[in-house]
Amino acid sequence: MLFAAARLDHVHELIAPNLDKGVWVISDRFCDSTRAYQGLTGGVDDRLIDALETLALDGHTPDLTIILDMDPEAAFRRVEQRAIEDGLQATGDRFEKEELDWHQRLRQNFLDIARANPDRCKVISAEQSEEALEAAIWSLVSDRFPELQGRAAE
């Protein structure tokens, strides 16, 4: 319920006023993340998640959700490699410290959300270079919102 309350505040204080002004809003980890983490892997009943989501979004639904997909084992290797390159120890938050099986189920939850919402959710492989990933994201966004074409440099 705290996630829903925080999201409702975020919608009322930031998202809705900017949309009302015609400003584009990009959000990281929005309602699908709550559904995947708290609902699908946390055991919270889907009906409660639906009700809280309806309340928290207050009629605002994303036009496009991009899900960056990566095999959890590959993601763990990438995190470890970056830590080695930076001379750090890979630590992670409480979610990142979960077992591999948990991450595989979480990944599947996001893919299930994408399959259930094919018009809104698009999956892009994150197992590519940063440049290729950026190009794939921009292609998807500019295809969905043609008014943005030609503005990549901005």
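Predicted model: local features only at pLDDT ≥ 70, side-chain atom pairs only at ≥ 80, totals over all residues.
1. Next, the overall build. The protein chain has 6 helices and 2 strands, and from the N terminus its elements follow the order α-α-α-β-α-α-β-α. The C-alpha trace spans about 45 × 45 × 30 Å along its principal axes.

2. Of the 154 residues in the protein chain, 31% count as buried. For contacts between residues at least 6 apart in sequence, 67% join residues at least 24 apart.

3. Have a look at the aromatic rings, where the count comes to 3 pairs. One of them is Tyr37 with Trp102: the ring centres are 6.0 Å apart and the planes meet at 55°, so this pair is tilted. Because Tyr37 lies in helix H2 (residues 31–41) and Trp102 in helix H5 (residues 100–116), the pair ties together parts that are 65 residues apart in sequence. Both Tyr37 and Trp102 are buried.

4. Tyr37 has another partner, Phe110, and this pair is edge-to-face, with 6.2 Å from centre to centre and 75° between the planes. Here too distant parts of the chain are linked, with Tyr37 in helix H2 and Phe110 in helix H5, 73 residues apart. Phe110 is buried, as is Tyr37. Together, Tyr37, Trp102 and Phe110 form one aromatic cluster.

5. Finally, find Arg7: its charged end sits over the ring of Phe30, 5.0 Å from the ring's centre.

Key: Residues numbered from 1 in each chain as written. Heavy atoms only, no water. Helix = DSSP H or I, 4+ residues; strand = E, 2+ residues; numbered from the N terminus. Buried < 20%, exposed > 50% of the residue type's maximum accessible area, 1.4 Å probe, protein only. Contact = heavy atoms within 4.5 Å. Phe/Tyr/Trp six-rings, centres within 6.5 Å; stacked < 30°, edge-to-face > 60°. Lys NZ or Arg CZ within 6 Å of the ring centre and 35° of its normal.
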